[in-house]
Amino acid sequence: MTTIRGFVQRLEVGRAGLVTVSVRLDDQSVQNFQIPDMDADPERFNERLSKFGILRDAMTRAEPVEIETDDKEIGRAHV
């Protein structure tokens, strides 16, 4: 599991509940992460919604976030 630290730059909500988060990393590069199927699994809906709320609040307050991800491929990492 990889932990990445940075600042939320943008949140996008697309079709089928796909949420994309752009994070500016410590080295000033930007990486996109996804919260897939926001509304798909009712049992995990609150967990995904909480992640989205934490990211939104961090973006509003300009606070750093730490994201743990299993996927190391840039552009395909899931939160």
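**Figure 1. Overall fold of the predicted model.** The protein contains one helix and five strands, assigned as DSSP runs (H or I, at least four residues, for helices; E, at least two, for strands) and numbered from the N terminus. Their order from the N terminus is β-β-β-α-β-β. This is a predicted model in which local features need pLDDT of at least 70 and side-chain atom pairs count only at pLDDT 80 or more, whereas totals for chains, interfaces and linings use all residues. Residues are numbered from 1 along each chain as its sequence is written, and side-chain values use heavy atoms, with hydrogens and water left out. Of the 79 residues, 29% are buried (under 20% relative accessible area, 1.4 Å probe, protein chains only).

**Figure 2. Helix α1 and its cover.** Helix α1 spans residues 45-61; its 17 residues reach 24 Å from the first C-alpha to the last, close to the 24 Å expected at 1.5 Å a residue (1.5 Å times one less than the number of residues). Buried positions in α1 are R48, F52, G53, L55 and A58. Their cover includes β1 (2-13), β2 (19-25), β3 (30-35) and β4 (64-69). Just after the helix, A62 adopts a positive phi of about 55 degrees.

**Figure 3. The largest nonpolar core.** This core (buried Ala, Val, Leu, Ile, Met, Phe, Trp, Tyr and Cys residues joined through side-chain atoms within 4.5 Å) has 13 residues, of which V8, V21, V23, L55 and V65 touch the most other members. Two or more residues come from each of β1, β2, β3, α1 and β4, and β2 contributes the most, with four.

**Figure 4. Surroundings of V23.** Beyond its neighbours within four places in sequence, V23 is in contact with G6, F7, V8, Q9, S29, V30, Q31, F33 and I67 (heavy atoms within 4.5 Å).

Note on methods:
Buried < 20%, exposed > 50% of the residue type's maximum accessible area, 1.4 Å probe, protein only.
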